[in-house]
Amino acid sequence: MTTPTEHVVRPRRSLLFVPALRPDRYWKALDAGADIVCVDMEDAVARPRKDEGRALALPLFEQASHPRVERMARINALSTPEGLKDLTAIIESKSPPPSIMIPKIRSAEEVQLLDSLLATGAAREIRYCVIIETNQALERAVEIARASPRIDSMIFGAVDMSADLRCRKAWEPLLYARSRLVHAAASAGIDLLDVPYLNLDDPEGLREEAMRCAALGFTGKASIHPSQLSAIHAAFTPDAATIEKARRVCAAFEADQTGLVVVDGELIELPVVRSMYRVLAIAERIGARARQ
């Protein structure tokens, strides 16, 4: 039987940023346990050193792929000269990053233009993670999330968003923005990651924010240090009870001949079934990784 999932599900609970100017950290990051490792050529590189960052970052993706980690490069904004240089180098590369993180996107048309520019050679296989960090992007979040089949995930950029919205970078003032992105990502069937928690000396604050994001509907959270991964994974990894319920729901769905699925006295409709298949797919992938 065909399951009600629209694409291959992979865990995107955590994303670990690595500065482009520190390629030595890249190899350590791949073994740190994060689901995604992203080499940052934007915020982590000062403007006078952009060419240096690009020259150090892109050759990292010429190496053999890591079997358990999604590899990504964060480029500069497409509206800047640095972003155009990044894009040109990626187009010309025989081994471009498997995924790129795209900052400062403001419309679906920008994503579609990028599709056209990456339509040939090895660049045809590149996947996207789109940063939503401007008021314009927030307003058009659903359109952006659906703009390209290459988009696997979005990430909430709270620092720039709070400046654009003229609010404090805190949970309550940004709750509307986060909720709007949950709606957009769910509408498109893609993953949604939260901004990194920047205070490395506040593990309890990280744990609380990660749990809040998971409850709200985010599928993961970014990080700036490997020490943050355990708290993030604890928040976004389905527990044993959730996995067991998912097994029972999916088994009942596959055995059903009436179109009416009831589990534990609860009527189970298709959106719930989809979420349960997602739980099982993530649990399977995490289990497979643990066995490797």
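Trainee: Is Val159 buried or exposed, or something in between?

Mentor: Compare its relative accessible area with the cut-offs: buried is under 20%, exposed is over 50%, and partly exposed is in between (1.4 Å probe, protein chains only). Val159 has 43%, so it counts as partly exposed. Keep in mind that this is a predicted model, where local features need pLDDT of at least 70 and side-chain atom pairs 80 or more, while totals for chains, interfaces and linings use all residues. Residues are numbered from 1 along each chain as its sequence is written, and side-chain values use heavy atoms, leaving out hydrogens and water.

Trainee: Where does Val159 lie?

Mentor: Helices (DSSP runs of H or I, at least four residues) and strands (runs of E, at least two) are numbered from the N terminus. Val159 belongs to helix α7, residues 158-165.

Trainee: Why is helix α10 largely enclosed by the rest of the structure?

Mentor: Count its buried residues. In α10 (residues 229-236), six of the eight are buried, so the helix is largely enclosed. They are Leu229, Ala231, Ile232, His233, Ala235 and Phe236. These residues pack against β1 (14-19), α9 (203-216) and β8 (220-223), where contact means heavy atoms within 4.5 Å.

Trainee: How many aromatic pairs does the structure hold?

Mentor: Rings of Phe, Tyr and Trp (its six-membered ring) pair when their centres lie within 6.5 Å; planes under 30 degrees apart are stacked, over 60 edge-to-face, the rest tilted. The structure holds three such pairs. One of them is Tyr26 with Trp27, edge-to-face at 4.8 Å centre to centre and 75 degrees between the planes. Tyr26 has 0% relative accessibility and so is buried, whereas Trp27, at 38%, is partly exposed. Tyr26 also pairs edge-to-face with Phe61, at 6.0 Å and 65 degrees. That pair links distant parts of the chain: Tyr26 sits in helix α1 (residues 24-30), and Phe61, 35 residues apart from it, in the loop between α2 (50-57) and β3 (70-74). Phe61 is buried, as is Tyr26.

Trainee: Which residues do the ring pairs link into a cluster?

Mentor: Tyr26, Trp27 and Phe61.
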